[in-house]
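Open your viewer, keep the sequence panel beside it, and let us walk through a few selections together. Each stop tells you what to pick and what you will find there.

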Amino acid sequence: MPFLRSFFIAMSRNRTLRSLSERSVVGRRMSSRFVAGMEIDDALRVAQAVNQQGMAVTLDSLGESVTSQIEAHQAAEVYHRLLDAIAAQKLVANISVKLTQMGLELSPQLAETIAQGLAEHAARSGNFVRIDMEDSSLTQVTLDIVRRLHARPDLRGAIGTVIQAYLYRSEADIEQLLADSIRVRLCKGAYKEPVEVAFARKKDVDANYVRLSQMLLDSGVYHALATHDEAMIASAKSFAKQRGINPSQFEFQMLYGVRRDLQRNLVRDGFKVRVYVPFGREWYPYFMRRLAERPANVLFLARNFFRA
Ligand SMILES: Cc1cc2nc3c(=O)[nH]c(=O)nc-3n(C[C@H](O)[C@H](O)[C@H](O)COP(=O)(O)OP(=O)(O)OC[C@H]3O[C@@H](n4cnc5c(N)ncnc54)[C@H](O)[C@@H]3O)c2cc1C
């Protein structure tokens, strides 16, 4: 399995396959397993349907590692339109943004200025921007940008980020973020990282996830636990119960198209759930990371493909 994980993560970075797949009808049809659609309206329709099932949404306009300033501004424009649409349609939704889509690899200053514009827009409309976390070469610069923006009084509470339990540094990062009351989404981590920076064994990642989730739950700040792992969820539920932490003080997050049964059960049991809804034409790297997490998804997709 570790071999398949590495294989799909390597595939996620293959530019030729990416451009071929993103243009192919077959590829698009396969991607619909995890992607809400190609257009903003598709995402808004899905958001509304998810809201009707009692769950909140975070919208992700797919794309990463842009290669020009113009592309970065175009990507930001989609998010500005989303924030307006969320307000106009009164959706229970916020946005999830990758800084490499906002030009981080071209210029950190460019990405920070764009993120600032989005956080200002979110703050004006009482909304929230989550800065997704990418690979470990970008952890520090991402956290620095989030902390600087959050330190501005007008943006306090309007911007938060993601911490990955597989990184050794995450406990120290959480301590710093908590000192500033910054909202965190805790996930296990979706990239291929070297042993110098990240736990390699699932058992160690899981143990760290439990430890970090307890730090977050105990903090009094509203955080998100992003996982489909039933053991992680059970551990968080029992810790919250033991500490008298009300289910309204945190949320679980899951990906669109993954473990809908768990999502429904949590809502039924009175927990808050937010679904991460990605959309757009640049679905390939996101899709490959989902296959890396669960290679059995390939069989599932193949079965459905031949059935269709
Ligand atoms: C809302 C949300 C936001 C995220 N944001 C980020 C981010 O910013 N940066 C980042 O690095 N990672 C992010 N991730 C991905 C995360 O890091 C993991 O790669 C992913 O969630 C799988 O880990 P897991 O906790 O579900 O546990 P795992 O141990 O990987 O899986 C546990 C079980 O969950 C189910 N499962 C997990 N993944 C899948 C899948 N793709 N398809 C079908 N079933 C699956 C399977 O039943 C599996 O046995 C995010 C995840 C979520 C849910």
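Start by selecting threonine 142, which counts as buried because its relative accessibility is 2% (buried means under 20% relative accessible area, exposed over 50% and partly exposed in between, with a 1.4 Å probe and protein chains only). Before going further, note that this is a predicted model, in which local features need pLDDT of at least 70 and side-chain atom pairs count only at pLDDT 80 or more, while totals for chains, interfaces and linings use all residues. Residues are numbered from 1 along each chain as its sequence is written, and side-chain values use heavy atoms, with hydrogens and water left out.

**Around threonine 142**

Threonine 142 belongs to helix α7 (residues 139-150); helices (H or I, at least four residues) and strands (E, at least two) are DSSP runs, numbered from the N terminus. Show its contacts, meaning heavy atoms within 4.5 Å. Beyond its neighbours within four places in sequence, threonine 142 is in contact with Leu99, Leu104, Ile131, Asp132, Met133 and Thr161.

Now move to leucine 99, in the loop between β2 (93-97) and α6 (108-124). Leucine 99 is buried too, at a relative accessible area of 1%. Setting aside residues up to four places away in sequence, its contacts include Ala111, Ala115, Glu134 and Ile145.

**Helix α1**

Next, pick phenylalanine 3 and phenylalanine 7. Both are in helix α1 (residues 2-12), four residues apart, or about one turn of the helix.

Rings of Phe, Tyr and Trp (its six-membered ring) pair if their centres lie within 6.5 Å; planes under 30 degrees apart count as stacked, over 60 as edge-to-face and the rest as tilted. By this rule there are 10 aromatic pairs. Phenylalanine 3 and phenylalanine 7 form a stacked one, with 6.4 Å centre to centre and 25° between the planes.

Stay in helix α1 and select serine 12. Serine 12 is buried, with a relative accessible area of 10%. A polar atom of its side chain lies 2.6 Å from the backbone oxygen of isoleucine 9. Not counting residues up to four places away in sequence, serine 12 touches Tyr284, Pro285 and Met288.

Among the buried ones are Tyr286, Arg289 and Leu291.

Which of the 25 residues around the ligand come nearest? They are Lys188, Gly189, Thr227, His228 and Glu293.

- Alanine 190: a backbone N or O atom lies 3.0 Å from an oxygen atom of the ligand.
- Arginine 290: a polar backbone atom is 3.2 Å from a nitrogen atom of the ligand.
- Glutamate 293: a polar side-chain atom lies 2.6 Å from an oxygen atom of the ligand.

How values were computed
A residue is near a molecule or strand if one of its heavy atoms lies within 4 Å of it. A polar contact is a pair of N or O atoms within 3.5 Å; within protein, one must be able to donate a hydrogen and the other to accept it, and residues adjacent in sequence count only if both atoms are side-chain atoms.
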